Amino acid sequence: MHVNEWIEQNKVAVNTRYKPKYHFSAPIGWINDPNGFVYFKDEYHLFYQYHPYSSKWGPMHWGHAKTKDLIHWEHLPVALTPDQPYDKDGCFSGTALVVDNTLLLMYTGHTDRDGQIKQVQCLAKSTDGIHFEKFKTNPVIDERHVNNTSDFRDPKLFKRGETYYALVASTTNHVGNVLLFQSPDLENWTFKSIFLAAEKNQGTIWECPDLFTIGDKDILIVSPIGYAPDEFRFTNVNSSVWFTGKVDWPNGKFLTESVEEIDGGLDFYAAQTLIDDKNRRIMIAWQQMWGRNIPTDDLGHGWAGSMIIPKELRYDGGVIKQDYLSEFYDQFVLSEEKACQTSFETEIVPLLSAEFEGDFTIKIGTTDEFLQVSYRNHLLTFYRSKAGYQIKADENQASVRQCRLVYDKIKVTLVVDVSTVELLINNEYVFSNTMYPKADSGKIQIYSETFSVSSFKDKNELDKEMIM
């Protein structure tokens, strides 16, 4: 039975209790890294690492969906399946590029022959954005170009002038790096340079590289495995970071000015960006983390994993700012706005904004199970160990994340979407997280001396209430 037929027949068995409404998830099965996030023929396309047959990681396919507003998605047939000798054990992560009216996918073909791992870079193309044909010349980058093909994956394909380029994650002596390859025609590739190499504390391999420009700054995104913690930064199992600087194109080198963690939450990995017809740089990422159980798998719900709500990136005042798109905010209508003393309480709403000038505490849930955010003496602490079904991990402080803030005034944007919680602080610090509450109801409670709150409800839900 073909994979698409199997999905169609079996997706009705999925338990949707924890399915988010605004965060993308697959119809059935396991997902991880976003792939090939691209704007093509007036629509946004998202591909993703996909194991449809189980809610656990398995032989990777490329799932596929499209949307006009990055909120309402149409699921499409699986774009890539592991069906060739060079990718029989998985079509691993990669990216997309639009050339004229053709959509190109570059991905990693993965094979495992009795523990002998081989990873090579491959291409596929489509003119309708739905049906893809793998290149007959695959793999196009392999052991002819590099010595290490056991950890060699996640190509970022792009074009500059008349030349095609690919950034590929690799490792040398257990230290991560990103390699740069170039081609005049997509099929004949040469190694150009080590684009950027990690310092010893910066991880053993830098997965899922992405490269783009905002304003006058070049930005390189990577997701390192084993980045060493620095006080409150880089404390997740694996971090996602962005390097800010400039590319020295003649020498194929990234000249770093700074490096920062993209998201301080417990669940964020493998960020990827696109630029759309409005010239917006938009980022999406996997809202999950390796090395932890996922309750929807534990409970037999038939699915695991979602993406963050896409955010627009801007470079402002020397930092990269993040905010939700206007299309997301357009889903909501203001339900309550007030100035508060001491405390505020409301039913759980999907979107809430609050402004503080001092310490505060936010609790989401019930008396017995809740997720808590507290701010004391310029230290913000995010705590989820009492938020419902336990999410366990081997690393220390698996349920706590912290960051040091320097603001006198703090604006918090809070999104609560069934099993996901996102927290934006002054559009500079972001915490993306999952939680699986056992209770079906709860409240948002806020405690502070003086603050203001705006809560929002879904327009469609309000329309339903009016009809009833």
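The model is predicted, so local features need pLDDT of at least 70 and side-chain atom pairs pLDDT 80 or more, while totals for chains, interfaces and linings use all residues. Residues are numbered from 1 along each chain as its sequence is written, and side-chain values use heavy atoms, without hydrogens and water.

The protein chain is assigned domain 1 (1-322) and domain 2 (331-465). These bounds come from an automatic or database domain assignment. The C-alpha centres of the two domains lie 29 Å apart. Domain 1 gives 40 residues to the contact and domain 2 gives 43, where contact means heavy atoms within 4.5 Å.

Together the domains bury about 3,300 Å², and 50% of this lies on carbon and sulfur atoms. Buried area is the accessible area (1.4 Å probe) that two parts lose on being put together, summed over both. On the side of domain 1, Y18, F232 and L266 lose the most area to domain 2. Together they make up 21% of what that side buries.

Five salt bridges are counted between domain 1 and domain 2. Each is a side-chain nitrogen of Lys or Arg within 4 Å of a carboxyl oxygen of Asp or Glu. The side chains of E422 and K311 form a salt bridge, at 2.6 Å from N to O. On the side of domain 1 that touches domain 2, α2 (295-298) and β21 (319-324) each supply at least two residues. The most come from β21, with four residues.

In secondary structure, the protein chain has four helices and 31 strands. Helices (H or I, at least four residues) and strands (E, at least two) are DSSP runs, numbered from the N terminus. The C-alpha atoms fill a box of roughly 65 × 50 × 45 Å along the principal axes.

Two backbone features lie in loops. The peptide bond from N138 to P139 is cis, with omega near -10 degrees. P139 sits in the loop between β8 (133-134) and β9 (153-160). E231, a residue other than glycine, has a positive phi near 55 degrees. The loop that holds E231 runs between β14 (217-227) and β15 (241-248). Most residues other than glycine have a negative phi, and most peptide bonds are trans.
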